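Please read it alongside the entry displayed here.

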Amino acid sequence: MFAFVFSLLGLLKNEKKTSSFLIAISLNGFAFFSTLTTFLMMFSGGHPVKQMSQGNWAAWSNWLHFYPFPLFGLMICIFLTTILSFLVMARLIWKRGESRPWSLFFFQVLTLIHCLFAFNWLLMFMPDA
């Protein structure tokens with residue numbers, strides 16, 4: 001959540017935005033979207049366990065059918081963010097004389113943490129019969 005707010009603040013800055021920064025912003029947006037849809041599904045009466053869905057079978061069924069999209073999407077986000085973090089770290093190591101993008105590295109790590117938390121949150125509400 002914090003990474004999403006930082007990415008929105010980063011968009012407002014007038015500095016040159018690298019492609020890895022823009023990719024991280026989109027990954028933060030997807031993680032925020034999956035967390036938001038999980039909240040909305042739980043507050044609309046769709047409990048992860050069918051028997052505890054309090055008679056709202058449609059919400060549980062919708063959650064069951066929608067669940068794989070954010071799950072696999074967050075897996076892809078975690079993979080891409082890990083790759084981007086390693087690429088930025090490699091850039092930090094090999095370009096010693098130039099200005100180093102420490103802020104981009106910390107932003108990538110924050111994006112990875114955000115995606116991992118969103119993935120954990122999604123796993124906690126896995127649909128079950």
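The notes below go through the model by topic.

This is a predicted model, in which local features need pLDDT of at least 70, side-chain atom pairs count only at pLDDT 80 or more, and totals for chains, interfaces and linings use all residues. Residues are numbered from 1 along each chain as its sequence is written, and side-chain values use heavy atoms, with hydrogens and water left out.

**Cysteines**
- The whole structure contains 0 disulfides, a disulfide being a pair of cysteine sulfur atoms within 2.5 Å.
- For Cys77, the closest cysteine sulfur is that of Cys115 at 4.7 Å, which is too far for a bond.
- Cys77 is buried at 4% relative accessible area, and Cys115 is buried at 0%. Buried means under 20% relative accessible area, exposed over 50%, and partly exposed in between (1.4 Å probe, protein chains only).

**Nonpolar cores**
- A nonpolar core is a set of buried Ala, Val, Leu, Ile, Met, Phe, Trp, Tyr and Cys residues joined through side-chain atoms within 4.5 Å.
- The largest core has 16 residues, and Trp63, Leu74 and Leu122 have the most contacts inside it.
- Two or more residues of this core come from each of α2 (19-43), α4 and α5 (102-124); α5 gives the largest share, 5 residues. Helices (H or I, at least four residues) and strands (E, at least two) are DSSP runs, numbered from the N terminus.
- Another core, of 8 residues, lies apart from the largest one and includes Ala24, Ile25, Leu104 and Phe107.

**Contacts of two residues**
- Not counting residues up to four places away in sequence, Trp63 touches Thr37, Thr38, Met41, Met42, Leu122, Phe125 and Pro127. Contact means heavy atoms within 4.5 Å.
- Ser85 lies in helix α4 (residues 68-94) and is buried at 8% relative accessibility.
- With neighbours within four places in sequence set aside, Ser85 is in contact with Phe105, Gln108 and Val109.

**Aromatic pairs**
- The whole structure has 5 aromatic pairs. Rings of Phe, Tyr and Trp (its six-membered ring) pair if their centres lie within 6.5 Å; planes under 30 degrees apart count as stacked, over 60 as edge-to-face and the rest as tilted.
- Phe66 and Phe69 form a tilted pair, because their ring centres are 6.3 Å apart and their planes are at 50°. Phe66 is partly exposed at 27% relative accessibility, whereas Phe69 is exposed at 59%.
- Trp121 and Phe125 make an edge-to-face pair, 4.8 Å centre to centre with 65° between the planes.
- Trp121 is partly exposed at 23% relative accessibility, and Phe39, Trp121 and Phe125 form one aromatic cluster.
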